[in-house]
Every structure is written in C-alpha cells, then in structure tokens.
Amino acid sequence: MVALVVFVSALAPLARADAPPRPPTVAKRTGGRLILSDASPAATGSSAGAARILRSTAPTRLVRERALARALLAELAAGPSRPAALIVATRDGAGAMALLDVAQHGVRLPDTTVRIVSASGGVLAETLGDVVQRVSGARAVLVTGPEDAAGHPPSPGRRRLLAALWAGAVRSGVPLSLLGMLLCMPVLALVVVVGRLAIGVHTFGTFGPIIIALALLTTGLGWGVVTFVMIVGVGVWMRQLLQRLALQAVARVAILVTLVALMMSALVVGGALLGVPGVQHFGVFPMLVMAHLIESVSSAQLELGLGRALATAAGTLALAVVCYAMVDRLDLISNVLVRPELLLGSTGLTVLLGRWHGMRLVEYVRFWRAAAPPDDDARPERLAS
Amino acid sequence: MARLQRVRRHFLGLNRRNHRYLARAGAVALRLVDDKLSTKRHLERHGIPTTRLLATCERHGAITPLVARLAETGAFVVKPARGARGAGVWLLHGCGAAGFRVPVGGPVSAGRVALHLADVVSGAFSRGRQPDTGLVEEMIRPHATVRRWSPYGVADCRILVFRGVPVLAMMRIGTRRSRGRGNLHAGAVGVGIDLVSGQSVHAERGGHALTAHPDTGVPLLGRPMPAWRESLLLAARAAATVPLDLLGVDVLVDRRRGPLVVELNARPGLTIQVTNRVGVASLLEQLAGVPIPADVGERVALGQRLYSSPCRPYS
C-alpha cells in the first residue's frame, strides 16, 4: 500500500491542458502502473495495489475528461517514472478521450502498454482503442471486455476507416472532444425540434438551447444553471433601472453586456479565490454563450413582456438541461464520433417531425376546456343586462 | 378519451396552421400583410375603409419635429410597421401640461415618446430587428357598447376569414395588465362572438373563463356587437383582396365612420378557438371542399351557416 494516490478533481489547480507542455526530456525509468479512473476512492481504493491512480469524479463527462487529460499531462511531465502499464478504467469514453487529448499535444508513450477496460465491450471501446493504438505510439493497446479479462488488440471491424480518420485528425492537432461536441449538435437539434414541435416549449430560437447545453457541458450543470439564472435575473432586474436612464434599445443591450461581463468576471475570480471547484476552468466559449443570452432576454422582454420572456427563458433552460443530460449520460460525444450514422438517423427524424401536422402536447391542454361539451362544463351564466 | 379525440379532430394546432395555410402562402402576399403601411395602402387602393394614418416616421431626424406636432394632435396610436403581436404599440390620449396621457399609469413626457419612436425606427420591435417605419394613426372614437367594455383602449374585433368566408370572431379587450392593448399574450381579454347573432358568448383571459371585465366588473357576456353584419361584410371584402387563404382581419367600429379595417394578420392566433369554444380545423376542411360564392353577402351567409350547422364540433 505504498500507492501514491493523486486525487484529481477540479479542486486542485493543475497545469492547463491548453498549453502543450514539452514532452519529458529527461530519460525516465519505466515502471509501475498508472490508472485513469472515474470511481470514488472508496470503490477502488483497496484493490488498486501498487499503482498510481489519476482520478476525476466530476459529475460531468466532459469535465471529467478534461481533468483526466490535465492530470495525465502533469503526471507524464513531472512524475518519477514513465508507466509500464496505463489502465483506462472509466465508465464511458472519458478516459480514452483524455488519452487522445494528451496524444493531440504530441505526447507519445513508446514503452507503455495501454489497457482499456470496458464493462460492456462493444463498438465504442474497440473503435476508440483503435484510435489510441494509431496515435499514442504505445507498445501495445489492449481492450478488456467482460468475457475477455486478459484483453485483446482492438478490433474496430468496419469502423477501421473511421478510426484512421480520427487518428489523422488527432495527429494534426484537432481536439477530438471539441469535434465530438460539434457533431452532437444535430442530435441536440432533434431534441429541440421535439420540444418545440411535439411538446410546444417556447425557446430562444432553435439554436439557443443547443449552445447553452454545450456551455453547460464545459461548465458543469450546477454552475451553468447558476450563471444562466443570474444572467436572466440581471436582464429582468436592470431593465427597470435602465428605463429611467432613457436609453435607446441598442445602448440598453450594450449596458447589459457590460454588466454581464463584470458579473461573470466577479463569479470566476471570486469563485477561484474562495476555492469554489470548477469556476476557474470556465473558458471563453461558455462565457460568450451565456453573455449572448442577455440580448435575447432583453428583446424578448421588450417584445413579449416579462411573463413570456421568463417562460421562454425557462423553456430554453429546460431543453438545454435535457440536451446536457443526453450528451452526458449517453456519452454522446464519443458515440457520435464512433457512430456517425446517428446523424443520419437524427436528420431523418427531424425531417419527419418537420412534416408532422399533429397537435402539440401543450395544445391539448390549451384547447382542453374549449372542447368540453356544453352540458358537463361549468359554463359561466349569461348575465342579464 | 372522447375529448382528446375531439381536440385532435376539430381544433387547429400551430403545426397544422403552419403547414396547411402558412407554408402555401406566397412571399409577396406575406410581405404585403406583414407591413402595416403597405397593408394600409393596399386596402385604400381597394376602397376598403381603414383607420386614418396621421404620420409616418422613417428617419431619426424626423422624430423630434413629429413629436412636437403630435403634442397638438389629440389622441393617437404609435405602431411599428413591421411589428408582431402588438409589441411597441402605444396608445396616447392627447397631450396635457404634464405630458402625453396613457391608458394605464402616469403621463409620459415628450422625450419618452421620442425615444420610443427611435426604438421603433431602429427596429427594436420589427421582425428580424430590421430598421422599421413608425406609424402614427388616429385613435378612433368607439361605439358606446365597446367604450363601456374597454375603458383603457379601443377594443377591436378579430375576424378569422378563410377563402373570403368569415369563420370565427372575437373581441379583444384591453386591460390594466395589457396597458390597454388588445393583445391576448399581453393580458387582454378575448371575448368570443356568435357569428350569426353578433352576441358575445364567452370570455377568457390567460386560460380562465370570465363573465365580467377583470378591472371594471362590467359584464361582458350576452351583449350585441354594434354594426355586426357590416363588420363581417367588411372583413370578407378586405380578405378577398389579399391572395392568402387564412387571414385574421382586425375590425374597429368608429362611432361615425362605422367599421374600419385596422390591419390584416397572416399568422392569426389560435386562441380564438378557445374564446369561442369552437375548433376551427373541421370548419376549414369543410370550406376547402365547397365552391366559394363570389358575392360578399353570400360568403358571409355561408360562414354563418357553417358556424351554426349541427355538424360543428361543439355544437
């Protein structure tokens, strides 16, 4: 039990994954096992044996992947030795993708055997394993399935071409998880279409919930929702005050943008100083997405009134959370990369829904009372004049 | 279960409205109807009485002199030409010492009115946020019945017309919450009008049935509409001048000039079915299959016959 357990969570300030660190220049000893894990220490602690464990238990899949990638980079740059065995034991694609994120920065593992532990086996582990084999430069890559504890070389079958394509992208420095996020968008668009056309949810455009969902993925659900609510709150609250300044609509939005920028800076810096986990890694993209929201809120309020603006904001957030949950729970980021036919399916369903004439769910509620037979309805009595 | 079926079969939903009636509309016709200024010119060309236009405003430079002129005008309405759902519509009841009088709340300064016009011209209310034209229209003097109903603003009558045949009608009555505007989204009361008798049959606001005006307590049901037949004839005539199948025609009854068309709407709201307790989908299906008479009076009679026919959903 000399295992040096490195707790990796967003709590620990770590080297940012953005800046490619130089590969270790000093010739290092090779030895020991390194485990990428997403389970809590209680679940694996005793069985780990003499291994170093890089761990992230962050609830969001993408946050987990980034934390693992950061930790792995730091470990390879500063650790006492190069691991002889690297065991990727995460419940979804987070571990394998973290490994690819590291490879994208030019880090190779020539003396390491990579073992990808997959609880269910299947296409995802095989294909990602194949990509890892092509880009990591590892001595060997093995996929361990439920009925194959010893492991076997990845066999992506017909997806070999796809794996070669993604491997090429990684080798040229394309961040694969960002690519996955981009390719998720058509599937999320389908979710929004279902929400709007089949249920009747009001949202800020079709694209609104999608980009907010992607922002939630990088910030984590909790902080994302807090930021969203804060921005809608500022939009609604400040309108009253700004009305007294008698500004034109364009200038009003500019003032709101200023307020949002200040507020988000305060959130990031204040959160980091107070040691709130996660806020310091917000990044530019989710900030821009959230700040962009203020214009929609402001013009919706002007155009539709406070009630409808709030309902639209709530609808947008609700659909964004559904999208977030889909990407996160189903690991859509890895899945669309491995199964691009999902896009064909979602496009087909979108076309079908777009041609659908039926009632939206909320319209049943809306017309329910009006469809009552006159007899069994408490119809207000006609007042005599 | 039967009610679920009834909703599905007889009521028109947004998906079906957009597919059947909006997607087939020509772009030219939509542009005509979506711009209130071009609608007004079009209606005048066809000899259909509309509310008088006092001024238009397309440039920021024209705003200040316009507001100075308006201070002497009396009551008027400011509208964005390409606005939707009543956004940016201001009702101003003349100018006093403290400023312009508005239906709800204290007087509004001339500077505030100018600022609003500047917002309108910059396109804060227009579709796609494109620069827009501000319209200033006369405030009409409503008939006594309507005046009693709607103390905050002028209540207009939305008449749903399909292929030139009036199908359903609803009064939209401004409230304190809607700031006098007649838009149901903003909190106005919708009152269903019997197409045959012109009597108010049912009133709703925000999903609740009402019998009286929520602010004043004036009873809203069982009242006859002024100049009902003339209003229907006018709506049928106005709709026939535009190459769109489904149209919402907004009609106001002026005390002296009689019924006037205020505007046309190519995307009529569907709440009119709730305030009338009548689903319109099956009515439109029936109308799609019959020859439409050329005579306006016969078209109105056809609409009234359909409205009262026993095969109507509820009925």
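**Domains of chain A.** I looked up the domains first: chain A has domain 1 (5-171) and domain 2 (176-368), with bounds from an automatic or database domain assignment. I kept in mind that this is a predicted model, where local features need pLDDT of at least 70, side-chain atom pairs count only at pLDDT 80 or more, and totals for chains, interfaces and linings use all residues. Residues are numbered from 1 along each chain as its sequence is written, while chains are lettered from A and ligands numbered from 1 in the order in which they are written.

Domain 1 of chain A gives 24 residues to the contact and domain 2 of chain A gives 18; two residues are in contact if their C-beta atoms, placed from the backbone, lie within 7 Å. On the domain 1 side, α2 (61-78), α3 (94-104), α4 (122-136) and α5 (160-171) of chain A give two or more residues each. Helices (H or I, at least four residues) and strands (E, at least two) are DSSP runs, numbered from the N terminus. I sorted that side of domain 1 into 14 nonpolar, five polar and five charged residues. Here Ala, Val, Leu, Ile, Met, Phe, Trp, Tyr, Cys and Pro count as nonpolar, Asp, Glu, Lys and Arg as charged, and the others, Gly among them, as polar.

**A helix pair in chain A.** I then turned to α8 (residues 221-245) and α9 (residues 249-273) of chain A, which pack at an angle of about 140 degrees with axes 10 Å apart. Axes are lines fitted to C-alpha atoms, for helices over the stretch in contact, and angles run from 0 to 180 degrees between N-to-C directions. That makes α8(A) oblique to α9(A) (under 35 degrees is roughly parallel, over 145 roughly antiparallel, 65 to 115 roughly perpendicular, the rest oblique). By class, I found eleven nonpolar, two polar and one charged residues in this contact.

**The sheet in chain B.** I traced an open sheet of seven strands in the order β9-β8-β7-β6-β5-β10-β11 (chain B), with antiparallel pairing; two strands pair if DSSP finds at least two bridges between them. Its edge strands are β9 (208-210) and β11 (258-265) of chain B. The twist averages 30 degrees from one strand to the next. Inside it, four bridges join β7 (residues 189-193) to β8 (residues 200-205) of chain B, and B:Gly190 stands opposite B:Glu204 in β8(B).

**Between the chains.** Last, I looked at the contact that takes 29 residues from chain A and 34 from chain B. On the chain A side, α9, α10 (284-329) and α13 (361-368) each supply at least two residues.
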